[in-house]
Amino acid sequence: MSSLRMIIWFFEVLIWYGVLYFVQIPLRKSENWVIKVIALPVKLFFMTLVAFLFFIINSTITYRFGAGFTALYVAMAGDICGGIIDFVRRLVVKYRGGADKSESSFNPMILVCISLAACIFIFIYGVSNSGKIHEAKHEWQSDKLSKTYTIAFISDIHAGSSQPFETIQKLVDDINAENPDFILIGGDVTDEWTSYEEFVKTYEIMAGLKAPAYMVNGNHERQPGGKYIGGRTYTNEQLGEEIAKAGITLLSDEFVELNDEIVLLGREDESVSERYKWEKMENPYDESKFFIVLDHQPFDKEQLAAEISDLQLSGHTHAGQLWPMKYMCLLSGQPAYGEYIEPGTRLFVTAGTGNWMMPLRTEERCEWDLITLTP
Ligand SMILES: [Fe+2]
């Protein structure tokens with residue numbers, strides 16, 4: 001992101017913080033402790049709502065690299081930090097028995113400074129955290145394998161939303177340096193913020209992947225019904241062409257034998273109505289093979305309950321991307337990030353290599369996964 005855009009974006013944070021400050025003046029002046037105590041969880045609820053709206057908003061008022069929702073999110077987070085510190089301060093003062101004297105001498109601008117400092121910290125941390133892709137290593141054993149295999153798994157690059165080309169190039173170089181046996185790509189490589197030129201350039205970089213690579217589409221590639229903001233700048237045919245030119249095999253409810261021991265099923269995205277129902281899929285291979293399912297979204301409970309696959313690799317969730325979305329996911333009983341041992345299968349949900357819509361991540365780190373399968 002350019003410095004100018006960054007400055008504009010942070011300016012938005014300050015505007016939102018100013019709005020929040022003035023709206024809350026009656027609350028700040030109130031001496032009613034009950035109202036002040038209730039205000040904090042209410043504000044936390046609204047911050048969660050804003051983070052949620054960030055993910056589902058379908059509006060033309062948002063714009064690339066400057067979504068007001070994320071600026072509002074940062075301002076609310078900073079305001080809540082200030083509120084929590086003020087709450088603790090009042091508790092300490094009350095405990096010491098000097099409440100009246102302390103309140104009259106306390107300068108409220110101190111809290112404003114603390115809140116703004118929290119805004120700056122969350123902003124800098126969120127932006128810098130979103131731009132670094134970490135290598136996460138996993139080792140899983142299976143009696144079905146006679147030797148060790150390594151798989152590089154990437155998902156949710158969202159080229160156009162956040163990661164610049166240099167970062168995507170470094171990702172490709174890092175994967176090649178590990179010399180994996182296979183590369184599996186879990187979808188959402190590009191999204192509705194990707195221009196056609198960026199879309200082409202992204203797959204030119206991806207063509208540098210040296211090991212055999214297989215990919216499934218994500219919801220942002222497919223966008224059934226053209227329902228996402230602005231829609232795509234490329235057609236399904238162009239998508240297929242660029243993926244093929246990059247030497248990547250695109251799978252849409254298709255099986256492929258990776259070698260004598262491993263079978264891969266690449267699933268069409270769950271948002272697409274043509275996706276096969278799990279019960280209609282017939283595994284053409286016998287159960288002695290190690291069976292991997294690559295499915296962009298991790299939410300197909302019937303598929304997991306079918307106990308057919310040995311390993312399912314998914315992305316989509318970005319581990320919540322913004323706090324506390326991961327915990328909202330978990331509260332609703334949905335997988336958000338990490339390893340989930342289901343009966344008969346192992347589901348792994350990556351945090352993703354990029355971020356959607358904004359280069360801002362306060363939840364987990366961007367990652368690509370090096371999976372070692374051992375006998
Ligand atoms: Fe997705």
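On the face of helix 6 that is turned away from its buried side, the exposed residues M109, C113, I124 and S128 are found. The model described here is a predicted one, and in it helix 6 takes in residues 109–130, a run of 22 residues. From its first C-alpha to its last, helix 6 reaches 31 Å, which is close to the 32 Å expected at 1.5 Å a residue.

The buried residues of helix 6 are S115, A118, C119, I122, F123, G126, V127 and S130.

## What covers the buried side

Among the elements that cover the buried residues of helix 6 are helix 1 (3–23), helix 4 (68–96) and strand 12 (366–374).

## G78 in helix 4

Within helix 4 sits G78, a residue that counts as buried because 26 other C-beta atoms lie within 10 Å, where 20 or more are needed. Leaving aside residues up to four places away in sequence, G78 touches Y17, S115, L116, A118, C119 and I122. Of these, S115, A118, C119 and I122 also belong to the buried residues of helix 6. The C-alpha atoms of G78 and V13 are separated by 9.7 Å, although the two residues stand 65 residues apart along the chain.

## The two domains

The domain assignment of the protein gives domain 1, covering 3–129, and domain 2, covering 132–374. Between the C-alpha centres of domain 1 and domain 2 there is a distance of 36 Å.

Note on methods
Residues numbered from 1 in each chain as written. Predicted model: local features only at pLDDT ≥ 70, side-chain atom pairs only at ≥ 80, totals over all residues. Helix = DSSP H or I, 4+ residues; strand = E, 2+ residues; numbered from the N terminus. Expected span 1.5 Å × (residues − 1). Buried ≥ 20, exposed ≤ 12 C-beta atoms within 10 Å, placed from the backbone. Contact = placed C-beta atoms within 7 Å. Domains from an automatic or database assignment.
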